[in-house]
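Work through the exercises below with the sequence and the structure open. Each task is followed by a solution in steps.

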Amino acid sequence: MLSVPLLHPETMEAEPSNPSDSLWGQISKYTTMFSETYKRKPIHYWVLLVLSIIAMLVAFPSSSILSRVYYDNGGQSKWIISWVAVAGWPITALILFPTYLTRRTFPTPLNLKLILSYIILGFLSAADNLMYAYAYAYLPASTASLVASSSLVFSALFGYFLVKNQVNASIVNSIFVITAGLTIIALDSSSDRYANITDSEYIMGFVWDVLGSALHGLIFALSELVFVKFLGRRSFIVVLEQQVMVSLLAFLFTTVGVIVSGDFQAMASEATTFNGGKAAYCLVLIWSAITFQLGVLGATAVVFLASTVLAGVLNAIRTPITSIAAVILLNDPMSAFKILSLIVTFWGFGSYIYGSSMGEK
């Protein structure tokens with residue numbers, strides 16, 4: 001049998017191993033492992049996992065593309081884009097409430113500390129969405145998604161200082177590699193800027209993207225801190241509860257901003273001047289809200305059905321998906337610098353995923 005050298009190592013000195021045999025043995029081993037894993041889980045588990053993976057890989061890139069479509073076709077408001085990012089919070093609520101019935105459990109009791117935590121996270125999420133709205137207003141979608149991948153760096157740093165998460169050599173390496181990819185993008189501003197965007201607007205878009213990524217990393221660490229300090233447990237229901245509460249409060253904060261800025265009142269006139277008319281305008285905003293929430297739900301489900309490592313892998317994969325989709329659908333410029341940055345960033349994600357998997361072991 002081809003797997004004999006793997007089962008009996010002492011025979012390896014007498015007979016030199018055939019590389020093809022070793023490769024075939026490894027393939028057979030992993031095929032058996034995956035088959036056993038598949039049999040241990042019910043079919044509905046795999047259906048949910050596949051749907052969650054599709055949601056992450058399709059919904060998040062679609063939301064990013066739609067943000068750029070809004071600006072490319074006459075949209076001007078940053079508040080509206082940040083508002084629709086959390087306007088889909090009822091989708092998560094509609095999934096949460098039946099879960100109480102099916103699992104025969106009750107909502108987590110609220111106390112003052114937990115309420116204050118949700119309010120702070122909601123405010124920070126509203127600010128984070130606004131920063132990303134400015135980024136997509138001034139940067140190509142492919143560039144904005146690459147820069148936004150730096151949130152992984154800030155998640156690792158804030159997680160280390162606030163939650164005392166472990167940081168090994170691979171994670172440190174990923175921080176430097178992703179930062180290098182960010183620097184490459186910054187050096188390519190001359191070939192990456194839209195004709196109607198000034199140099200100062202491009203720089204501001206870049207700065208807002210980095211700041212939004214930093215705030216996103218802080219929100220991730222603070223959310224984990226809430227689980228550790230105030231909840232003491234982490235389950236699918238508890239995470240959904242937090243997502244509903246934070247999204248609802250972010251929605252309320254953003255709604256106040258939309259109204260005070262006058263952008264809410266100006267939506268009617270903006271819709272009439274939008275390329276494609278009011279119907280196209282409404283569809284872009286509605287699908288932006290739906291896709292963003294589906295992406296969040298998909299990421300949440302992947303973490304609890306599989307692992308944070310798989311969620312990290314999918315997060316790494318969706319970055320090039322967004323960039324490639326933006327080049328194909330929006331004719332985003334794709335220079336050699338951007339391709340190099342994409343490769344370097346993907347390398348950084350791989351290093352982070354490897355470091356995280358070693359930490360889990």
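**Exercise 1. Contacts and overall make-up**

Task: For the protein chain of this predicted model, find what share of the contacts with a separation of 6 or more comes from residues 24 or more positions apart. Then describe the secondary structure and the burial of the chain.

Solution. 
- Step 1. Of the contacts with a separation of 6 or more, 84% are between residues 24 or more positions apart.
- Step 2. The chain contains 16 helices and zero strands.
- Step 3. The chain has 361 residues, and 46% of them are buried.

**Exercise 2. Aromatic pairs**

Task: State how many aromatic pairs a search of the whole structure finds. Then classify the pair of Y70 and Y281 and the pair of W83 and F264.

Solution. 
- Step 1. The search returns 13 aromatic pairs.
- Step 2. For Y70 and Y281, the ring centres are 6.2 Å apart and the planes make an angle of 45 degrees. Planes under 30 degrees apart count as stacked and those over 60 as edge-to-face, so this pair falls in the remaining class, tilted.
- Step 3. Y70 belongs to helix α3 (residues 43–72) and Y281 to helix α14 (residues 277–305), and the two are 211 residues apart. Both Y70 and Y281 are buried.
- Step 4. W83 and F264 have a centre-to-centre distance of 6.0 Å and an angle of 85 degrees between the planes, which makes the pair edge-to-face.
- Step 5. W83 is in helix α4 (residues 78–87), while F264 is in the loop between α12 (236–261) and α13 (267–273), so the pair joins parts 181 residues apart in sequence.
- Step 6. The burial of the two partners is as follows: W83 is buried, at 16% relative accessibility, whereas F264 is partly exposed, at 41%.
- Step 7. Y70 and Y281 also belong to a cluster linked by ring pairs, together with Y71 and F274.

Follow-up: Which ring does the charged end of R318 sit over? It is the ring of F60, with 4.4 Å between the charged end of R318 and the ring centre.

**Exercise 3. Helix packing around α9**

Task: Describe how helix α9 (residues 169–186) packs against helix α11 (residues 199–231) and against helix α8 (residues 151–162).

Solution. 
- Step 1. The angle between α9 and α11 is about 165 degrees, and their axes are 12 Å apart. Angles over 145 degrees count as roughly antiparallel, so α9 and α11 are roughly antiparallel to each other.
- Step 2. The crossing of α9 and α11 is right-handed. L182, I185 and A186 of α9 make the contact with Y202, F206 and V210 of α11.
- Step 3. The angle between α8 and α9 is about 145 degrees, and their axes are 9 Å apart.
- Step 4. The crossing of α8 and α9 is left-handed. On the α8 side the contact uses L152, V153, A156 and L157, and on the α9 side I171, I175, I178 and T179.

**Exercise 4. Buried positions**

Solution. 
- Step 1. S247 is in helix α12. Buried means under 20% relative accessible area, so S247, at 5%, is buried.
- Step 2. A289, in helix α14, is buried at 10% relative accessibility.
- Step 3. A289 and W89 are 200 residues apart in sequence, yet their C-alpha atoms are 8.5 Å apart.

Conventions
Residues numbered from 1 in each chain as written. Predicted model: local features only at pLDDT ≥ 70, side-chain atom pairs only at ≥ 80, totals over all residues. Heavy atoms only, no water. Phe/Tyr/Trp six-rings, centres within 6.5 Å; stacked < 30°, edge-to-face > 60°. Helix = DSSP H or I, 4+ residues; strand = E, 2+ residues; numbered from the N terminus. Buried < 20%, exposed > 50% of the residue type's maximum accessible area, 1.4 Å probe, protein only. Lys NZ or Arg CZ within 6 Å of the ring centre and 35° of its normal. Axes fitted to C-alpha atoms, helices over the stretch in contact; angles between N-to-C directions. Parallel < 35°, antiparallel > 145°, perpendicular 65-115°, else oblique. Left-handed = near helix turned anticlockwise from the far one by under 90°. Contact = heavy atoms within 4.5 Å.
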